[in-house]
Amino acid sequence: MLTKTATLSRRATLLAGVGLAFGAGIGRAFAQSAAEKRTPENETYWARMGVSLQGKTVLVTGSTDGLGKEVARQLGALGAFVIVHGRNQERGEEVVRTIKAAGVGDAAFHRADLASLSGVTAFAETILNTYDRLDVLVNNAAAVSGNERQTSADGYELAFAVNYLSHFLLTYRLLPLLEASAPARIVNVSSMGQTPIDFTDLMMEHGYNPGDAYRRSKLAQVMFTIDLAAELDANHVTVNSLHPARSMNTTRVIDGGFQPQSTVEEGAEATMQLAVSPALVGRSGLYFNGLNEAKANAQAYDTAARAQLRSLSFELTGVAHKS
């Protein structure tokens, strides 16, 4: 892989992603019933299917822990050069060492502040200046606000800013590189926990609820997925979203006092399907619950609501509006 020389030195304030999800799944693929316990498939399954990522570059946001860490590992095990992202230098370097030690792929760690739009822009510029291709972008990083409303560096409600706006901005900044690397894929890690967005109080300044803040941000990701898919040529770049698994056994879930109901390996299986499965070539704008295509909250299919969110997102992030 060819790279250009570039460095990034920014203080990261991101609460790295965990793909936190609530609610029940709708069943499993690979001819398994919903009630049947089995070991999730991993990179060896895709290798047997003939999938190789040798010569490919992938970026997984929030990949120093939890779901993102496992997805990064599996992508590296298929031969990819993995751009590892997070806020913790030590954990990031540990993920890089793990990928390198497997002797198949390669990796590098970049710190970036996704709670700051200027931080997102700087991160994107570093990627564009450092790497000559980007084949897969997994937007996984997530923040979960506390009981008290918190805001980003730009004054936006924290969950909406990190989980949605940062990835909206990052994706648009990296689109030229993704399109130049076609066929490429974008995977938005959402959640089946979704609450309709109240456009009269987008930043939840009144009646704040942390659960609703998280769920609104995750629905926004699905709405973004549908619109971006309509904008892009699916023969060049596809974009799909998913609820990876129910309350995975991540540090965030456990420390938050929740009882894990699935594993990061299950979530990674579903995420990897969208990232590498040959069955999804040219398929775009879809939402998956685990391994199965599903329906998101009804607001995701409301064209007027999506148009309003899209317009506001361009305005809030400063991205030049694309027709």
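Predicted model: local features only at pLDDT ≥ 70, side-chain atom pairs only at ≥ 80, totals over all residues.

Reader: What volume does the largest cavity have?

Author: About 40 Å³.

Reader: And which residues line the largest cavity?

Author: The lining is made of Tyr164, Phe168, Met223, Phe224, Asp227, Arg306, Leu309 and Arg310. By class, that gives five nonpolar and three charged residues, with no polar ones.

Reader: Which helices supply at least two residues each of that lining?

Author: Helix H5 (158-180), helix H6 (210-231) and helix H9 (303-317).

Reader: I see Phe168 and Phe224 in that lining. How are the rings of phenylalanine 168 and phenylalanine 224 placed?

Author: Among the ten aromatic pairs in the structure, this one has ring centres 5.0 Å apart and planes at 50°, so the pair of phenylalanine 168 and phenylalanine 224 is tilted. The pair links distant parts of the chain, with phenylalanine 168 in helix H5 and phenylalanine 224 in helix H6, 56 residues apart.

Reader: Phenylalanine 168, buried or exposed?

Author: Buried, because its relative accessibility is 1%. Phenylalanine 224 counts as buried too, at 4% relative accessibility.

Reader: Which residues do ring pairs link into a cluster?

Author: The cluster takes in Phe160, Tyr164, Phe168, Tyr172, Phe224 and Phe314. Tyr164, Phe168 and Phe224 also show up in the cavity lining.

Reader: What about the rings of tyrosine 45 and tryptophan 46?

Author: Their centres are 4.8 Å apart and their planes are at 85°, so tyrosine 45 and tryptophan 46 form an edge-to-face pair. Both residues are buried.

Reader: Switching to the sheet. How many strands form it, and in what order?

Author: Eight strands form an open sheet, in the order E3-E2-E1-E4-E5-E6-E7-E8, with mixed pairing. Strand E3 (106-111) and strand E8 (292-293) are the edge strands, each pairing on one side only.

Reader: E1 sits between E2 and E4 in that order. How many bridges join E1 to E2?

Author: Four, and E1 runs parallel to strand E2 (residues 81-86). Valine 60 stands opposite valine 84 in E2. With strand E4 (residues 136-139), E1 pairs in the parallel sense over three bridges, and there leucine 59 faces leucine 137.

Reader: What do E1, helix H2 and E2 make?

Author: A right-handed β-α-β unit, with helix H2 covering residues 66-77.

Reader: Which residues of E1 are buried on each side?

Author: For strand E1 (residues 57-60), Thr57 and Leu59 are buried on one side and Val58 and Val60 on the other, which leaves both faces covered. In general, side chains in a regular strand alternate between the two faces of the sheet.

Reader: And how do E5 and E6 run?

Author: Parallel, joined by six bridges. In E6, asparagine 240 is the bridge partner of valine 187.

Reader: Last topic: how much space lies in the second largest pocket?

Author: About 340 Å³. The elements giving two or more residues to its lining are strand E5 (184-189), strand E6 (237-243) and helix H8 (264-276).

Reader: Which lining residues lie nearest its centre?

Author: Of the 18 residues lining the second largest pocket, Pro183, Arg185, Ala275, Val276 and Val281 lie nearest its centre. By class, this lining has ten nonpolar, five polar and three charged residues.

Key: Residues numbered from 1 in each chain as written. Heavy atoms only, no water. 1 Å grid on protein atoms, 1.4 Å probe; cavity = no way out; pocket = protein on both sides within 12 Å on 5 of 7 lines; lining within 4 Å. Points joined across faces, edges and corners; volume = space filled by probe spheres on them. Nonpolar A, V, L, I, M, F, W, Y, C, P; charged D, E, K, R; others polar. Buried < 20%, exposed > 50% of the residue type's maximum accessible area, 1.4 Å probe, protein only. Pairing = 2+ DSSP bridges. Right-handed = clockwise from strand over helix to strand, strands pointing away. Phe/Tyr/Trp six-rings, centres within 6.5 Å; stacked < 30°, edge-to-face > 60°.
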